[in-house]
Amino acid sequence: MTFDPVLLIELLILGLCSGFLAGLLGIGGGMLMVPILTWMLSKQGVSADMAVKMAIATSMATIMFTSISSVRAHHKRGAVRWDLVRGLAPGILIGGLIAGAGIFALLKGAWLALFFAGFVSFSAFQMLLNKKPAPSRQMPGTAGQIGAGAGIGMLSGLVGAGGGFVSVPFMTWCNVAMHNAVATSAALGFPIALANTLGYVVGGWHLAPALPGAVGYLFMPALLVIAAASVTMAPLGARAAHAMNVAQLKRAFAMLLFVLAAYMLYKGLS
């Protein structure tokens, strides 16, 4: 299998940056990875439609690895609400499989790019305003948690992100303390990534490899390089968060997200 060494270096830098940002800002790197991976894959001659899908699927698959290190840190502090993980995870698995194996395969890459652009723009706007939903109700019962989990898993699968921009506000709205919501969201990242990745594999199993090392929608070399680099850098980002003005960095990252959303909007429209 031949592999472009320049692409390898680009993937390594992307993994280091996304891992550091994840540790620094407490958010996943999916929103950063998807547009940049789309650009990298397009440069390798992958069609625009397939490049978007491969970027989303590969970004999601990396979360299986990065979420583990994040959860360990939160669990040591006793911040993870495992009762909520057990309540939301079944729905997440259902929603993730439906998104990965069904909706994702049926939608064209252009529509996914447009949806990603809209979702990221909204998330960046929320981050810029730093508004938190008022805790105005309690967590729903078993059926409600399964339904909420299905929505989170499905939405995450369509944008290639870990769901924190949805699950954290939802749990905060339901009177879960912010530090518990963030920690629990990190724990939910693994079932989100697992279900959607399985769905991507099933949905793309019949496809011819778009690049050497591709398995359906998953670009395995990118998955391995980015996962290894991001897991290495995340603890460094977490330590740096104590010495830096994270509020200002979040505003800067929100502006970067607007730029990345604009690129995905361009890809979707063109």
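Modeller: What follows goes from the overall fold to the core and then to the salt bridges.

Modeller: This is a predicted model, in which local features need pLDDT of at least 70 and side-chain atom pairs count only at pLDDT 80 or more, while totals for chains, interfaces and linings use all residues. Residues are numbered from 1 along each chain as its sequence is written, and side-chain values use heavy atoms, with hydrogens and water left out.

Colleague: How many helices and strands does the protein chain have?

Modeller: There are 10 helices and two strands; these are DSSP runs numbered from the N terminus, with helices being H or I of at least four residues and strands E of at least two. In sequence order the pattern is α-α-α-α-α-α-α-α-β-β-α-α. The radius of gyration, 17 Å, is close to the 18 Å that the globule rule gives for 270 residues, so the chain is as compact as a globular protein of that length. That radius is taken over C-alpha atoms, and the rule is 2.2 Å times the number of residues to the power 0.38.

Colleague: What share of the residues is buried?

Modeller: Of the 270 residues, 49% count as buried (buried is under 20% relative accessible area, exposed over 50%, partly exposed in between, with a 1.4 Å probe and protein chains only).

Colleague: Which residues touch the most other members of the largest nonpolar core?

Modeller: They are Leu11, Leu37, Leu41, Met171, Phe219 and Leu257, in a core of 72 residues. Helix H3 (residues 48–76) gives the most to this core, with 12 residues. A nonpolar core here is a set of buried Ala, Val, Leu, Ile, Met, Phe, Trp, Tyr and Cys residues joined through side-chain atoms within 4.5 Å.

Colleague: Changing topic, how many salt bridges are there?

Modeller: The structure holds two, counting a side-chain nitrogen of Lys or Arg within 4 Å of a carboxyl oxygen of Asp or Glu. In one of them, Glu10 and Lys43 meet at 2.8 Å, N to O. Glu10 lies in helix H1 (residues 5–25) and Lys43 in helix H2 (residues 30–43), so the pair ties together parts that are 33 residues apart in sequence.

Colleague: Is Glu10 buried or exposed?

Modeller: Glu10 is buried, at a relative accessible area of 17%, whereas Lys43 is partly exposed, at 44%.

Colleague: And which residue pairs with Asp83?

Modeller: Asp83 forms a salt bridge with Arg81, their closest N and O atoms being 2.9 Å apart. Asp83 is partly exposed at 38% relative accessibility, and Arg81 is partly exposed at 30%.
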